[in-house]
Amino acid sequence: MKIEVKKFGTHLISRPEGRDAALVLRNQFLNKTSDSELIFDFEGVLVLTPSWLDEVLQEVLKTHQQSQVRFENTLNSSVAASIETVVS
Amino acid sequence: MVEIKQLQEIKDWFEFGITCPFIEANFCTNRADFNARLISYEAMLGKSLPDDCKYLVAASIGEVGNNCFDHNLGFWNGSPGCLFVRESDFCILADRGRGIKESLKGVYKLSASEHSYTEIAFEKVITGRAPEKRGNGLKFTKRSIIKCELGFYCVSAGENIFIGNKPNSNLSALTNYKSIGPGTLSLFSFTKNPSLVKTDKP
């Protein structure tokens, strides 16, 4: 399943916003698919923080292994650095 | 353009809670207000920084600014919120919350070789910094400042830290200032000045 992250916003900054996104992701996406692989597509995202991403990934990793999660279109510097910070 | 008088007003508010029209105009009473000002600030950042750094710095400012709200709920000294002064070559973020030391000391004890909770906040991932589950934001901020060759100053409860280039001397009223008051004051400086001494390394 591919998640278009920009549909959550182009500026993904705060921890509470990440928590809200995680709940939507759980109820509207993850609970409605049997796909084991999850792809986060960051095309169109301008500013991403580790706090926002951390909240989302904590929810995802309740049901998915880290190896089942992939990231695409991560050239934006804040996206790349946030992934490096949270996933490493 | 912020003048010396306004730097003094920032110090007076940060240390003693004395407010004035300049403080009120730059004060974000809630997170949504802060985030909206940050998004509009991006255009100004774009004049000082290349795109790569613009987005990285915006994310770092977002981390520091949101920390004002994340860690001070129930601990405000006066009005809840975050002062966010936005200029083309620097920005200032400050809150009158409980400060980094108070926020950290319940979950982390300094070792004999460690001297400052404020330094630790930028150096170590400390799980359990309530209410966060993981504390990576300030480490991310430090890496971003070093990567973009910018300057940063933070003071909280008498502890201070410089990262990267030292901010310009016209901001020394703040960077020479080691407040022992509550809360946290941070300064991002976007001026690249190779003649200034680097005080920290990646």
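Q: In which order do the three strands of the open sheet in chain A stand?
A: The model is predicted: local features need pLDDT of at least 70, side-chain atom pairs count only at pLDDT 80 or more, and totals for chains, interfaces and linings use all residues. Residues are numbered from 1 along each chain as its sequence is written, while chains are lettered from A and ligands numbered from 1 in the order in which they are written. Strands (E, at least two residues) and helices (H or I, at least four) are DSSP runs numbered from the N terminus, and two strands pair if DSSP finds at least two bridges between them. In chain A the pairing is parallel, and the order is S1-S3-S5.

Q: Which are the edge strands of this sheet in chain A?
A: The twist from one strand to the next averages 25°. An edge strand here pairs on one side only. In chain A these are strand S1 (2-4) and strand S5 (69-72).

Q: Which residue in S5(A) stands opposite A:Phe40?
A: Strand S3 (residues 38-41) of chain A runs parallel to S5(A), and four bridges join them. The residue in S5(A) that stands opposite A:Phe40 is A:Phe71.

Q: How is H1(A) oriented to H2(A)?
A: Helix H1 (residues 15-29) of chain A packs against H2(A) at about 30°, with the axes 7 Å apart. Axes are lines fitted to C-alpha atoms, for helices over the stretch in contact, and angles run from 0 to 180 degrees between N-to-C directions. Angles under 35 degrees count as roughly parallel, over 145 as roughly antiparallel, 65 to 115 as roughly perpendicular and the rest as oblique. H1(A) and H2(A) are therefore roughly parallel.

Q: How many charged residues are in the contact of H1(A) with H2(A)?
A: Residues are in contact if their C-beta atoms, placed from the backbone, lie within 7 Å; among those of H1(A) are A:Arg15, A:Glu17 and A:Arg19, and among those of H2(A) are A:Asp54 and A:Glu59. Asp, Glu, Lys and Arg count as charged, Ala, Val, Leu, Ile, Met, Phe, Trp, Tyr, Cys and Pro as nonpolar, and the others, Gly among them, as polar. The contact has six nonpolar and two polar residues, and the number of charged ones is seven.

Q: What is the hand of the crossing of H2(A) and H3(A)?
A: Helix H2 (residues 50-60) and helix H3 (residues 77-87) of chain A pack at about 55°, with their axes 9 Å apart, which means that H2(A) is oblique to H3(A). A crossing is left-handed if the near helix is turned anticlockwise from the far one by less than a right angle, and right-handed if clockwise. The crossing of H2(A) and H3(A) is right-handed.

Q: Which residues of H3(A) meet H2(A)?
A: By class, this contact of H2(A) with H3(A) has five nonpolar, two polar and one charged residues. From H2(A) come A:Pro50, A:Leu53, A:Asp54 and A:Leu57. They meet A:Ser82, A:Ile83, A:Thr85 and A:Val86.

Q: How many of the 11 residues of H2(A) are buried?
A: A residue is buried if 20 or more other C-beta atoms, placed from the backbone, lie within 10 Å of its own, exposed if 12 or fewer, and partly exposed in between. The buried residues of H2(A) include A:Trp52, A:Leu53, A:Val56 and A:Val60. H2(A) is largely enclosed by the rest of the structure, because the number of its residues that are buried is nine.

Q: Is A:Asn73 buried or partly exposed?
A: A:Asn73 is in the loop between S5 and H3 of chain A, and has a positive phi of about 55° although it is not a glycine. Most residues other than glycine have a negative phi. With 16 other C-beta atoms within 10 Å, A:Asn73 is partly exposed.

Q: Is B:Ala157 buried or exposed?
A: B:Ala157, also not a glycine, has a positive phi of about 50°. The residue is found in the loop between strand S4 (151-156) and strand S5 (159-164) of chain B. With 21 C-beta neighbours inside 10 Å, B:Ala157 counts as buried.

Q: How many residues lie between S2(B) and S3(B) in their hairpin?
A: S2(B) and strand S3 (residues 90-95) of chain B pair in the antiparallel sense over four bridges. B:Val85 stands opposite B:Ile92 in S3(B). The number of residues between the strands of this hairpin is three.

Q: Which helix gives the most to the side of chain B that touches chain A?
A: In the interface, 22 residues of chain B are in contact with 19 residues of chain A. Helix H3 (31-48), helix H4 (51-70) and helix H7 (137-147) of chain B each give two or more residues. The helix that gives the most, with nine residues, is H4(B).

How values were computed. Two residues are in contact if their C-beta atoms, placed from the backbone, lie within 7 Å.
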